[in-house]
Amino acid sequence: MVTIMKEAKFRQNLRQYAIIGVLLLLVLFFSLTQDAFLRVGNIMNILRQISVMGIVAVGSTFVLLSGGLDLSVGSLIAVTGTLTGTLMVNFGVNPWAAALLGILASVLLGAFNGILVQFVQLPPMIATLGVMTSARGAAYLISGGLPVYNLPETMKFLGKGSLGVIPVPVIIMLVCFAIGWVVLETTYLGTNFYALGGNAEAARLAGIPVALYRVMSYVISGFSCGIAGIVMLYRVNSGQPAAATGMEMNVITGCVLGGVSLSGGEGKISCVLVGCLVVGLLSNGLTIMQVNEYWQQVFTGLVLILAVSIDRLGKMQRVKKIKAK
Amino acid sequence: MSAILQLNHITKRYPGVVALDDVSVSFEKGEVHALLGENGAGKSTLIKVLSGAISPDGGEIVMDGQTYGSITPALAQKLGIGVIYQEFTLVPTLTVAENIFLGKEYRKGVFLDRKAMLRQASEILQEMEIKIDPDTPVRQLSVAYQQIVEISKALANDVRVLIMDEPTAPLTTAEVDCLFRMVRKLVAGGVTIIFISHRMEELFQIADRVTILRDGTYVQTLDTAQTDRAELISLMVGRSIDEQYPTRHVTIGEPVLEVEHLYAKDFIRDVSFQVRAGEILGLSGLIGAGRTELVRAIYGADPVQAGEIRLAGKPVHLKSPAVSIHHGVALVPESRKEQGVVLGMSIADNMVMSTTRKLSRGIFLQKGRCRRLVSEYIEKLRIKTPSAQQKVVNLSGGNQQKVVIGKFLAADPMVYIFDEPTRGIDVGAKHEIYQLMNQLVSQGKAIIMISSELPEILGMSDRILVMHEGRLAGEMSRAEATQERIMHYASGAAT
């Protein structure tokens, strides 16, 4: 009996970490076929490309684990960027203060998402879809419909700087993942998010303040969008109202590739990082191979479907076995 | 009488476990044949072999003189073998008639022939002497009526062997009587019923014969008229349980929880009572009498409209489960899968759920303390599992219930509210839960226990409250209580 359990557990882990295998295979494939791929510069390039998405994915992991969904992430990034930019450029606000205000705006919008979901009982998809649409409009209004240029130099290092060979946005992303990991894996707050997503009613009756945790998950997502918005602002060196359009789908792809269940309660944040890497790697590798962008989209979509299908089929087998017992 | 269905030497192996080992049973036409056994005895596997959900590794199934190595679900349907599972397979948003004919709708060309379906559905319902409008959406029906729809669904298939897996578990006594009347009608019409229940009294009421399984092997088939409860239990567990309800010697102390003039949900009206340290207070009544609603309101799971709750003499405002647990009140909820456990999480994660904060230094969970606590409770509650990391979904009902209880034990409350603590779990596990309750009261804890099983209420409670339509209808001590008396109050005859 015990050996079966060990075997089952091993298999379960295997599937959980299957995404690491996919990552290694991609690395192997691209490094064998493309000389330029494994160079330090290119690897840093990949990491920099996924940094904004990765930061957002940390927050989204909290939302998804709690059984929610946040479609508004791209718009929150745009609001943060345009607001921070406008405050600095048009109103002469200190860059640090402007950044804090930008992040605060994103946090408040996140809280609004959470309140709509928890207290108005809107389905997460509807609540965050509404905020996504309105916040995008707000970003255009804030910037007067045009990108905000001529940002002060003070905080430029956030987007363009690097520590040794490692770009600052990558460091920020890794720090976000590290904090996310610590909270989810080592604190009671983390286990409560999992419990909420796994069975909200059982969690509530067990004495977990689920309302607070549900709202918090969206607040955390808003916060990570705020950070990502600032990084994005200085990476493109302008406050773009159209920034990060469609980001929500990339982020969901990364999270789901990393094994986060869309029904909540399951997934590891470490694997989400790997999932984001796979998305970045695919796009970078295919670009180096000079595959055109439309084909890249086709591949990315197929990889998502493939990865989730493997997971589903594995689960179905497991369920069959359990039922048969 | 002649055998309509025979199982010969059925064996089913799973890696490392033999779920069924050379089991042979014969079912007669027009009998109620009960299957009895603890969880894990092989009853469910046997049902699945019959319904075609799984194919056996060895043996044969004989129906109408035809021999089959295994059955597919389609073949089972063709042969007239129907199953009513514990979890219903109804679509809540569809009407009764639509559910009955789901997948075999009457058609006129490409269009549904609704009239014919409604007519046929009401014929089936009338045959069973049940008054339900076949045009009602199923979600508007009570559990008991939903079950009748399930049965009607099977009947619409011209079922000849009907397997009922714990059909009475969610029903009140009155509803069980109604179900049994239907079963008798079906049997009189020549249908064979294979009946599974953990409630022993019911077997004697309804079953002609009973087959006992233990650890995947066939033990014996007996005429229910020629056996008794003690014999069945000892055959089932392979040992005799001396007393079903263990005795205790506890001095009852001061009131711990006092409830005064409580109103909730526009339904619970003017309820006042108290529970004392060392006391088990039984809460009885029909389903829908408001027992669950009452304890949920006390626990803060649903809002209280008016009234006062005092703990150890001090008024408290238990506005949420989190606050209640903090004040030392715990509720073990009635449906463990929906409200008790997170199925996808491990035993360990489930068990520490109410105590994560206590087990943390700052915000950091102390994994070593968690591990020690979990293994302590796994041992104490005798949860059968190879590891604390096992996901709860893989455990039997009894063991899942123990995980829920363990979760609240870890929080060390003063007042335990158990809502149907032994529903759907086997005799061995029940006994262990009773012993645990006795231990708790001997430590001076107070227990409120809701149960729909009258023998359990009578066997375990020091004092019994009976509810009827949201109010307390009666109170009696253990010595005064009888089934008749409880039913008298529960049915509202006293008001």
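The legends below describe close-up views of a predicted model.

**Figure 1. The six-stranded open sheet of chain B.** The strands of this open sheet follow the order β18-β21-β22-β15-β23-β24 in chain B, and their pairing is mixed. At the edges stand β18 (329-332) and β24 (471-477) of chain B, each of which pairs on one side only. On average, neighbouring strands of the sheet are turned by 20 degrees against each other, direction ignored. Strands of a sheet pair through backbone hydrogen bonds, in either the parallel or the antiparallel sense.

**Figure 2. Strands β15 and β23 of chain B, with helix α17 of chain B.** Strand β15 (residues 280-285) and strand β23 (residues 463-468) of chain B are paired in the parallel sense over five bridges. Within the view, G285(B) is found opposite M467(B) of β23(B). Helix α17 (residues 483-490) of chain B lies across β15, β23 and β24 of chain B, and runs at about 30 degrees to β23(B).

**Figure 3. Helix α6 of chain B and its buried side.** Helix α6 of chain B comprises 16 residues, 173-188, and reaches 23 Å from its first C-alpha to its last, close to the 22 Å expected at 1.5 Å a residue. Its buried residues are E175(B), V176(B), L179(B), M182(B), V183(B) and L186(B). Because these residues cover an arc of only 120 degrees around the axis, they are on the same side of α6(B). An α-helix has 3.6 residues a turn, so residues three or four places apart point the same way. The buried residues of α6(B) pack against β3 (32-36), α5 (143-155), β9 (161-165), β10 (192-196) and α7 (200-206) of chain B. D177(B) and A188(B), on the other side of α6(B), are exposed. After the helix comes G190(B), with a positive phi near 95 degrees.

Figure 4. M117(B), L118(B), A121(B), I124(B) and L125(B) are the buried residues of α4(B). They cover an arc of only 130 degrees around the axis and therefore lie on the same side of α4(B). Their cover includes α3 and α5 of chain B. Turned away from this buried side is a face of α4(B) that carries the exposed residues K115(B), E123(B) and Q126(B). Just after α4(B), the phi of E129(B) is positive, at about 55 degrees.

**Figure 5. The buried loop residue L90(B).** L90(B) is placed in the loop between β6 (81-84) and α3 (96-100) of chain B. This residue counts as buried because it has 20 C-beta neighbours inside 10 Å. Apart from neighbours within four places in sequence, the contacts of L90(B) are N99(B), V138(B), Q146(B), V149(B) and E150(B). Although L90(B) and E150(B) are 60 residues apart along the chain, their C-alpha atoms are separated by 7.3 Å.

Figure 6. Most residues other than glycine have a negative phi. K265(B), which is not a glycine, has a positive phi near 55 degrees. This residue belongs to the loop between β13 (255-264) and β14 (268-276) of chain B.

**Figure 7. Helix α13 of chain A.** The 20 residues of helix α13 (residues 269-288) of chain A should span 28 Å at 1.5 Å a residue, in agreement with the 29 Å between its end C-alpha atoms. The helix is mostly covered, 17 of its 20 residues being buried. Directly after α13(A), Q290(A) has a positive phi of about 60 degrees.

**Figure 8. The contact between chain A and chain B.** Chain B contributes 36 residues to the contact, and chain A contributes 29 residues. On the side of chain B that touches chain A, α10 (321-327), α11 (336-340) and β20 (364-365) of chain B each supply at least two residues. By class, this side of chain B has 20 nonpolar, 12 polar and four charged residues.

Definitions and conventions:
Residues numbered from 1 in each chain as written. Chains lettered and ligands numbered in written order. Predicted model: local features only at pLDDT ≥ 70, side-chain atom pairs only at ≥ 80, totals over all residues. Pairing = 2+ DSSP bridges. Helix = DSSP H or I, 4+ residues; strand = E, 2+ residues; numbered from the N terminus. Axes fitted to C-alpha atoms, helices over the stretch in contact; angles between N-to-C directions. Contact = placed C-beta atoms within 7 Å. Expected span 1.5 Å × (residues − 1). Buried ≥ 20, exposed ≤ 12 C-beta atoms within 10 Å, placed from the backbone. Arc of directions from axis to C-beta. Nonpolar A, V, L, I, M, F, W, Y, C, P; charged D, E, K, R; others polar.
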